[in-house]
Amino acid sequence: MSPPIVLDSVTHLTAEARGRIAVCASHGAVYAAWYGATKGVSAMILNDAGIGREQAGISGLGWLDDLGVPGATVSHTSARIGWGADMPARGVLSFVNAAAASLGLRRGMACAEALERLGGATLQPSPTPQQLDEARHEVVEAGAKGIRVFVLDSNGLVGKEDAGHIVVTASHGGLLAGKPETAVKADVRAAVYVDADRGLEDAGISRLPALEARGIAGAMVSAFSARIGDGMSVWTDGYVSALNGVAERHGGAIGQSTRDFVAAMIAAA
């Protein structure tokens, strides 16, 4: 069997992942599980992202179970979210689905051992899942002064056309393998992420200084206030738990709702 694919983000999976075990340092919510399934992975290990509101950080595991795909998460306190290499090196399983449990995976098992067990099993590519609902929305009524507000299920959906506008994403707030250039793909005015309960070495909020260096207002909402992986929940339910200096100077504050934070960033324009 081919070796596992180890990636900093599930959005880096390609068609070459079909039939392979994927170890991705993304959150374990439905969007990440769905994305992996679209590439035909045979098993997935993700990060539990602090579990969070309504257990959103591990919600993809049950979804994978419905497809018959073994799935597990490592604890966000054992491996840095966004750091793929951390998963097999330091990760400890926090949750497994029924398909994974049937192969001997269990909570407390080292990720490296889990990969050995999966590697010795006969696994099939995931069946192609149905399309998810639209993962990108513009909140027209929130925009002003020529600034538009976009709500995204994933940071991977940010495009160059978002430069100068505000993006509210349901991705975790961690840099990918600590690389500042992965904070956000466009020079947006402000960006909102989910803090993934911060996790090991505060990896879940590590985008903040990288955004600061680019003059971008950055904020994190608590994983316990909004469902990670669900952009509209971040918009309607989120409350700011951390922010950078640019955001603070523009009127951002810990405890603000996402809506109020975005309004402050527009008012400061």
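Visitor: Why does E201 count as exposed?

Guide: Exposed means over 50% relative accessible area, buried means under 20%, and partly exposed is in between, with a 1.4 Å probe and protein chains only. The relative accessibility of E201 is 53%, so E201 counts as exposed.

Visitor: What kind of model is this?

Guide: This is a predicted model, in which local features need pLDDT of at least 70 and side-chain atom pairs count only at pLDDT 80 or more, while totals for chains, interfaces and linings use all residues. Residues are numbered from 1 along each chain as its sequence is written, and side-chain values use heavy atoms, with hydrogens and water left out.

Visitor: Where is E201, and what is its phi?

Guide: E201 sits in the loop between β9 (190-194) and α6 (207-213). Helices (H or I, at least four residues) and strands (E, at least two) are DSSP runs, numbered from the N terminus. The phi of E201 is near 55°, a positive value in a residue other than glycine.

Visitor: Is K145 buried or exposed?

Guide: K145 has a relative accessible area of 56%, and is therefore exposed.

Visitor: How do you know that A226 is buried?

Guide: The relative accessible area of A226 is 0%, so A226 is buried. A226 belongs to the loop between β10 (217-221) and α7 (231-237).

Visitor: Which residues does A226 touch?

Guide: Not counting residues up to four places away in sequence, A226 touches R53, V221, S233, V234, D237 and G238. Contact means heavy atoms within 4.5 Å.

Visitor: Why is S26 called buried?

Guide: S26 has a relative accessible area of 6%, so the word is buried. S26 is in strand β2. Among its contacts, leaving aside neighbours within four places in sequence, are D8, S9, V10 and H172.

Visitor: What makes A177 partly exposed?

Guide: A177 has a relative accessible area of 22%, and is therefore partly exposed. A177 is found in the loop between β8 and β9. Apart from residues up to four places away in sequence, A177 touches D8, G82 and W83.

Visitor: Why is T236 called partly exposed?

Guide: The relative accessible area of T236 is 42%, so T236 is partly exposed. T236 is placed in helix α7. T236 and S154 lie 82 residues apart in sequence, with 16 Å between their C-alpha atoms.

Visitor: What makes a space in this protein a pocket?

Guide: On a 1 Å grid over the protein atoms alone, a pocket is an open set of points where a 1.4 Å probe fits, with protein on both sides within 12 Å along at least five of seven lines; lining residues have an atom within 4 Å of a point. The largest pocket has a volume of about 310 Å³. A volume is the space filled by probe spheres set on the points, which are joined across faces, edges and corners.

Visitor: Which residues line the largest pocket?

Guide: Its lining has 20 residues, and S9, T11, S154, N155 and G156 lie nearest its centre. Two or more lining residues come from each of β2 (21-27), α1 (30-38) and β8 (166-172).

Visitor: What is the volume of the second largest pocket?

Guide: The second largest pocket holds about 250 Å³. It is lined by 15 residues, with L132, D133, D153, G229 and D230 the closest to its centre.

Visitor: How many helices and strands does the protein have?

Guide: There are nine helices and 11 strands.

Visitor: Why is the protein called as compact as a globular protein of that length?

Guide: The radius of gyration, taken over C-alpha atoms, is set against the globule rule of 2.2 Å times the number of residues to the power 0.38. For 269 residues the rule gives 18 Å, and the protein's radius of gyration is 18 Å, so the protein is as compact as a globular protein of that length. Buried residues make up 57% of the 269.
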